[in-house]
Amino acid sequence: MKKILSAIVLAALCCGMFSCNEKPPQNYKIVKVLNDGKEEVEELVAPNDTVALNMYLDKLGKIIVENMDKEEAPFKKMFILSPKGDTLNTNEELLNEVMKTSNPVPAPAASAEPVALKPVGDAKQEPAK
């Protein structure tokens, strides 16, 4: 019984030691400066700067797509702040890292057969002599 109890205590201590090495998720802030000058702050929880910047870029992309048909943008500017107060979307090194790890849109596959060009509009094609 003492062996089982000591094994359980040892396992609990080991689990506690290894779980302390994990970084807890951090709170980031997305700040929108509205057209009237007011600031709207949204909390964002992410494990690191790269993930937070990816989430910010996804959110920004969705806002842009939703407001494409409107003449006026819903805000003047938008940025993301780290827990330390750094502006992440102006950090060139971090932006390059995010662009390297993001999944680019795949290019269309090239077909084996050449595409025949057709005349546009009223243009008439002259036969070759």
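Predicted model: local features only at pLDDT ≥ 70, side-chain atom pairs only at ≥ 80, totals over all residues.
Contact here means heavy atoms within 4.5 Å of each other.

Lysine 32 sits in strand S1, which covers residues 26-33. Skipping its neighbours within four places in sequence, lysine 32 touches Lys38, Glu39, Glu40, Ile63, Phe75, Lys77 and Met78. Its relative accessible area is 14%, and since buried means under 20%, lysine 32 counts as buried.

Now for the charged pairs. Side chains of opposite charge can pair when their charged atoms come close. There are two salt bridges in the structure, and here they are:

| Salt bridge | Closest N and O atoms |
|---|---|
| lysine 32 with glutamate 40 | 3.7 Å |
| lysine 59 with glutamate 42 | 3.2 Å |

In the pair of lysine 59 and glutamate 42, distant parts of the chain get linked: lysine 59 belongs to helix H2 and glutamate 42 to strand S2 (residues 39-46), 17 residues apart. Both ends are partly exposed, lysine 59 at 27% relative accessibility and glutamate 42 at 29%.

H2 (residues 49-66) packs against H3 (residues 92-101) at an angle of about 75°, the axes being 10 Å apart. So H2 is roughly perpendicular to H3. On the H2 side, Asp49, Thr50, Leu53, Asn54 and Leu57 take part, meeting Leu94, Leu95, Val98 and Met99 of H3. By type, the residues of this contact split into six nonpolar, two polar and one charged.

Note on methods
Residues numbered from 1 in each chain as written. Heavy atoms only, no water. Axes fitted to C-alpha atoms, helices over the stretch in contact; angles between N-to-C directions. Helix = DSSP H or I, 4+ residues; strand = E, 2+ residues; numbered from the N terminus. Parallel < 35°, antiparallel > 145°, perpendicular 65-115°, else oblique. Nonpolar A, V, L, I, M, F, W, Y, C, P; charged D, E, K, R; others polar. Buried < 20%, exposed > 50% of the residue type's maximum accessible area, 1.4 Å probe, protein only. Salt bridge = Lys/Arg side-chain N within 4 Å of Asp/Glu carboxyl O.
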